[in-house]
Amino acid sequence: MAIRHFLQFSDLSLPEFEYVMERARIIKRKFKNYEPYHPLLDRTLVMIFEKNSTRTRLSFEAGMHQLGGAAIYLNTRDSQLGRGEPVEDAGQVISRMCDIIMIRTFEQEMIERFAANSRVPVINGLTNQHHPCQVFADVFTYIEHRGSIAGKKVAWIGDANNMLYSWLQAAVIFGFHLHISTPKGYDIAMELVTAEASHYTVFENPSDACEGVDVVNTDVWTSMGYEAENQARLAAFDGWIVDEAKMARANPDALFMHCLPAHRGEEVSAGVIDGPQSVVWDEAENRLHIQKALLEFLVVGKITE
């Protein structure tokens with residue numbers, strides 16, 4: 001099997017996404033039933049963190065252990081990456097000592113250069129431009145709750161960040177429509193948009209973007225790395241909170257999603273995130289199951305049971 005990477009959402013085809021989701025359902029059922037499943041026995045995942053994380057580290061490390069393998073944590077403080085070792089050299093060395101690599105970093109260019117020099121699959125655990133594993137788990141979560149997402153409408157309320165660009169790629173592959181509302185000054189960077197215009201609509205008013213949608217999705221107003229802009233963002237995002245009034249504009253069975261961590265009273269009201277339409281905890285858990293299925297697919301390819 002040729003080396004496959006998952007650096008952005010568009011790296012897999014629809015049939016491959018559907019296969020991995022079916023494997024995630026099987027692997028999730030085994031996990032819930034305490035049924036041991038070790039397809040990656042003696043395999044090693046190296047996790048490189050240039051940005052901190054709770055969910056990404058926990059889900060990948062626990063997931064690799066549950067699949068029978070081992071996970072090694074590296075950060076820039078404790079490795080040569082933080083001392084200026086060329087990314088290309090690091091890719092050559094690290095990929096000779098493990099079976100798969102996950103990187104959580106800043107610029108997409110870094111992970112692309114690393115993957116180009118890797119002998120094993122590389123997974124994007126987050127960059128400033130893309131967050132494909134989170135959006136994969138979110139699409140899986142929607143399908144678990146409501147069935148096919150094809151033909152549905154998803155609202156994105158917030159700044160144009162890595163989540164939005166991965167949602168745009170997902171809209172093309174899964175065939176749904178994205179309603180986007182961003183504050184002035186935090187608009188879409190068109191050079192990062194690969195989706196055709198028919199897959200998304202931009203709204204000036206965030207309430208209008210929620211009209212008739214099946215999912216309302218948001219994120220923190222100040223993502224990691226942008227802390228110095230916090231006060232300016234608090235002012236610019238005034239009115240972009242997802243509250244009960246905006247959810248009332250969505251379809252009655254619409255779901256609320258958030259990749260977490262969340263700030264109640266800023267981007268989302270407590271009544272929405274803790275309310276009956278919220279599936280945020282399922283999204284968080286599904287990072288584990290989707291990533292286990294993705295690890296299995298990228299390391300050993302398609303399998304049948």
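A: **The pairing of α3 and α4**

The axes of helix α3 (residues 87-95) and helix α4 (residues 108-116) come within 8 Å and cross at roughly 45°. Axes here are lines fitted to C-alpha atoms, for helices over the stretch in contact, and angles run from 0 to 180 degrees between N-to-C directions. Helices (H or I, at least four residues) and strands (E, at least two) are DSSP runs, numbered from the N terminus. The model is predicted: local features need pLDDT of at least 70, side-chain atom pairs count only at pLDDT 80 or more, and totals for chains, interfaces and linings use all residues. Residues are numbered from 1 along each chain as its sequence is written, and side-chain values use heavy atoms, with hydrogens and water left out.

α3 and α4 are therefore oblique to each other; angles under 35 degrees count as roughly parallel, over 145 as roughly antiparallel, 65 to 115 as roughly perpendicular and the rest as oblique. The crossing of α3 past α4 is right-handed, meaning that the near helix is turned clockwise from the far one by less than a right angle.

On the α3 side, the contact (heavy atoms within 4.5 Å) is made by Val 87, Glu 88, Ala 90, Gly 91 and Ile 94. Met 110, Arg 113 and Phe 114 make it on the α4 side. By class, this contact of α3 with α4 has five nonpolar, one polar and two charged residues. Ala, Val, Leu, Ile, Met, Phe, Trp, Tyr, Cys and Pro count as nonpolar, Asp, Glu, Lys and Arg as charged, and the others, Gly among them, as polar.

Elsewhere, the peptide bond from Leu 260 to Pro 261 is cis, with omega near 0°. Pro 261 lies in the loop between β9 (255-258) and α10 (270-273).
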